Every structure is written in structure tokens, then in C-alpha cells.
Amino acid sequence: MSLTRSRRRAVAPIAALATLLAVASCGRRPDVGPVVASVIGGAPALADRSRSALPTGDRVLTDALAEGLVRFDAAGQIEPGVAERWIVTDEGMSYIFRLRNARWPDGAAVRAGEVVALLRRQIAAASNNDLAPYLSAVSSIVEMTPEVIEIELSRPRPDLLKLFAQPELALIRARPAGGAGPFRRKEERGAALLLVPAVDPDRDPDEARPAPEDEVLLRGERAASAIVRFVERDSDLVVGGTIADWPMLQAANPAPANIRIDPAAGLFGLAVARRDGFLADAAHRAAVAQAIDRTDLATAISPEWVARDTVLPEQLDSALAPAVPLWATIPVEQRVAAARSVVARWRASNGVPRLGIALPGGPGGTLLWARIARDLYAIGIRPVRLAADDPAADLRLIDRVAPYDSARWYLAEACVACDATAAAAIEAARLADTLPLRAQTLATADAALANDVAFIPLGRPFRWSLVALRLRQWQPNTRAWHPLNRLRSDTN
């Protein structure tokens, strides 16, 4: 497909959206009634955490109806969940949690025995839970008393609580389905779910009961529908925005005060999915990496988007600063010329290299494709755009927010098809039994992955929301996570 046709495909949905929005609203939505929230994607569902990866809508609903031992607050920091307090002992090898007086949806008390069983199932080796591979240091989860559980580790993990705060580790009872989260499902209103605050069993009888403004009306819908609903002042919140739908938001032109962009930490770049043909050689992979003009790409997206040429965003728990590719200090023009020479040598014997690139749909995906394809054409490569899930892709976009702040997550997620040296170094970091040794092995793994050029970093994940001014507690954060019970300043 030509770049011209690609641009036309990008413009079409934007133009259609713009015709619906002749004048963007800049007025305030009154602070009355439930908070009306849209999450981009399908209808939210409460699914089995151990059997499937969670789309954004499911994560949002899960966090509202259930919670883990701990959870995230509005700033992305740890706060109590089912556990009211905890202590860390034995030099970080033991976490002891005391449960609060929590209740399941049917009114039954949450007890340690059931919590232990649920957690064991979620992190079991056979589980498909996305976080299970990062919890292999957990050696045991035991009930100490009906109100106390202990999690013992075989290797120290300072960021353990950030993992347990994720919706993937929320505690969900099968029958009746639900958890002990801040909300309860009340009723369906068309395509939306009305969520009401859960009754606190320790609430003072004289304390004021939750008001309608403490309720949330949650729906999942396409980005265009969610944006239109917000701009027409029929909703208070749109969450789950990514780069794929960003051009739609720009076309809608909502009030600038309502547009919020998170400083999300995570991976955004092209992972090498196949190491054959042109991409069998690390020098060829480096040519692709250095040909992409990240500054131009960031400018095309947003001045608030941060480009990146390293896998790690910062040192984190590695012993060294992020490994910087050799070409990163060379001016763009010289990088492109060097990459063109590498490709020319290949073409002399093998013809024009063809690379299939798997990207998300939507106008944002087309914007990415236009910039990346232009830069690859410029050095003599023929790029072909493929669907995000196409198994034939040579390069695949990874766009994920980090669940916790460890270099191991970045390296393991970036190593889709890295060489044996890099893979072994990442595994050694997982098995390191002291924090200093872990730091050293992470630095080794970072350098090995950079030398292998198995991942082409482009920037940080781009996450946006539309937020009504009535939601005074909403805060941007590196987790790009915004609990429904932490939106209004007087919501608990």
C-alpha cells in the first residue's frame, strides 16, 4: 500500500469525527449525579484473572469491583486494599499482611484461607496471568491466622507491592462473582454499568451515606464515540487512550484543560519478531534502528511525548545507566547515510529487503506507519504494514506500561526474539539471590540486548485521558492508572 493511500485512510475517520464536532465544547459539566466514564474498547467484564490477559476495560472494572492485598491511589502510589497494613521482615524476604474487615459481595467476611488460595492460583506456573512470570521469587503464601497471611520470597524483590496492586492480582471470588473492592455492581443502564460505593462494615451509623455523585456509570466504547460523548458534555471521563486514537482527539478539539497525558513508564518500540533474512544480522537490525528519526516522530505526535533510544528509561535497579547504542550520538544525517550503505551492500547480492511491520489500527497507527515507512524507504528497505496480531511480522510494535519499576521487566518484555546471550543474561537476573548480584546481571543483560539490537526503542508509552473539571482528584502518574474511587476530591 502506498504512503498516499495510508494517509487517506488516516484522514477519513478524522474527517468524519470532525463533521460531528463543528464546535468543541469548553463548558463545565455540572458536579451532579454519577460520574459518567467511558473506557476505550469493548464492554468491561469481570473475567478469570488466571486464564486471560486483561484488556483495559476489564482492568478498570476489576479494580472497581475487586482489589488485591494493596492497590494504587490517584497518584499511582501504594495504598491499603484487602490488607489494612503490612510489615516487611527478614531483610525483605517476608511480607506479612493483616486483612481489614472486608466483605465479599454476598456479605461473607474475607478470610486469609480464601485469600491464600486465590493468590496461589493467580501466580501458579500454569496460570496465564501476565504478572506470574515476575512473581517467581514467591516461595510460599500461607495463612498465619484468619486475618493474617505471610508471603515468603526466595529472592528479595523491593517492588513486590507494586505487582500486588495491579488488577491482574485482584482477589475475585467465583460464586457469587465479585470482589471486595470499593464499588458494587448495581444495575445495567443500557450499555453502561452503574457502580455504587460498597458499604463499609466499620462505618459509623451517623456518618453520611454515599451520595449519587459517588456513583460511577461505566461503559466501554469506541474511541470516536467516547470522545464525542465527552465533548458534548455527556460524560466526565475517557480512559484508555493510546497513540492509536490520539489524532481523533486532536480533531475533536476538546478544551485543553480537559486533555491529560500521563508520564507513563514502559516500553514503546519495535521488537524483532523474526531473525531471518535481512534481520538475521545485528548490523542490519542496527541499520533499521538508526534510520528512524525519533525527534520527527515525537514532534508529529505531541510535544509532551518523550522519544527514547534506550530500552531502559533510566537506571532503575540495574548497576549501570541504560546501555546506549553506538549510533545514538551520531547526527541523524550521518546515521541515515551509514544505514543506507549497509542496506546497499545487502541489495547488491539479495535484492531489496522487505520487512513486515505489525502496527495497531486507527489513525495513530497510520501516523506511525507513515513516519517509519518513510525512514525505511529512505535507506532502501521496502516496509509492508501488517495487522498488530499478524504472525508473519518481522517487527512488532510493543506498547506497554510497566507494572513495576525493575529493569528485568523491560528487558524480558523487549526480548521477543533475542539471542541466547541476552536471554541467558535476563534469566540470570531473575535467579540472582542478592540485590547487588541482581543489579550486576541486569546491567549485563541490558548491554547484551543492546548489542543484539533485538528491540528498537522509540519512546515511552503514550497514554491520554479526557477529564472533566469536576474530577478534582485525578492525577497524572507513571503507572497511567486512575482508580474510579479516586476521581472526586470527596470520594473515598
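Visitor: Which residues of helix 12 and helix 13 meet each other?

Guide: Contact here means heavy atoms within 4.5 Å. On the helix 12 side, T421, A422, A425, I426, A428, A429 and R430 take part, and they meet R438, T441, L442, T444, A445, A448 and L449 of helix 13. Before we go on, this is a predicted model, where local features need pLDDT of at least 70, side-chain atom pairs count only at pLDDT 80 or more, and totals for chains, interfaces and linings use all residues. Residues are numbered from 1 along each chain as its sequence is written, and side-chain values use heavy atoms, with hydrogens and water left out.

Visitor: How many residues of that contact are nonpolar, polar and charged?

Guide: Ala, Val, Leu, Ile, Met, Phe, Trp, Tyr, Cys and Pro count as nonpolar, Asp, Glu, Lys and Arg as charged, and the others, Gly among them, as polar. The contact of helix 12 with helix 13 has 9 nonpolar, 3 polar and 2 charged residues.

Visitor: At what angle do helix 12 and helix 13 pack?

Guide: Helices (H or I, at least four residues) and strands (E, at least two) are DSSP runs, numbered from the N terminus. Axes are lines fitted to C-alpha atoms, for helices over the stretch in contact, and angles run from 0 to 180 degrees between N-to-C directions. For helix 12 (residues 420-431) and helix 13, the angle is about 160° and the axes are 8 Å apart. Helix 12 is therefore roughly antiparallel to helix 13; angles under 35 degrees count as roughly parallel, over 145 as roughly antiparallel, 65 to 115 as roughly perpendicular and the rest as oblique.

Visitor: How does helix 11 lie against helix 13, parallel or antiparallel?

Guide: The axes of helix 11 (residues 407-414) and helix 13 (residues 435-452) come within 10 Å and cross at roughly 30°, so these two helices are roughly parallel. Helix 11 supplies A407, R408, L411 and A414 to the contact, while R438, L442, A445, D446 and L449 come from helix 13. By class, that gives 6 nonpolar, no polar and 3 charged residues.

Visitor: In which hand does helix 11 pass helix 13?

Guide: A crossing is left-handed if the near helix is turned anticlockwise from the far one by less than a right angle, and right-handed if clockwise. Helix 11 passes helix 13 in a left-handed crossing, and helix 12 also passes helix 13 in a left-handed one.

Visitor: Where is the disulfide?

Guide: A disulfide is a pair of cysteine sulfur atoms within 2.5 Å. Searching the whole structure turns up 1 disulfide. C415 and C418 form it, with sulfur atoms 1.6 Å apart. The torsion about their S-S bond is about -55°, so this disulfide is left-handed.

Visitor: Now the sheets. In what order do the 7 strands of the open sheet run?

Guide: Two strands pair if DSSP finds at least two bridges between them. The order of these 7 strands is 8-9-10-1-11-18-12, with mixed pairing. Strand 8 (183-189) and strand 12 (259-262) are at the edges with a single partner strand each, so one side of each lacks a neighbour in the sheet. On average, neighbouring strands are turned by 25° against each other, direction ignored. Within this sheet, strand 1 (residues 35-40) and strand 11 (residues 237-241) pair in the parallel sense over 3 bridges, and V39 stands opposite V239 in strand 11.

Visitor: Which strands does helix 5 lie across?

Guide: Helix 5 (residues 223-231) lies across strand 1, strand 10, strand 11 and strand 18 (463-467), at about 140° to strand 10. Helix 2 (residues 56-65) lies across strand 1, strand 8, strand 9 (192-197), strand 10 (216-221) and strand 11, and runs at about 125° to strand 8.

Visitor: What is the strand order in the sheet of 4 strands?

Guide: That open sheet has the order 4-5-7-6, with antiparallel pairing. Strand 4 (83-89) and strand 6 (138-145) are its edge strands, and each pairs on one side only. Strand 5 (residues 94-99) and strand 7 (residues 148-153) pair in the antiparallel sense over 5 bridges, and R98 stands opposite V148 in strand 7. Helix 3 (residues 112-123) packs on this sheet and touches strand 5, strand 6 and strand 7, with its direction making about 170° with that of strand 6.
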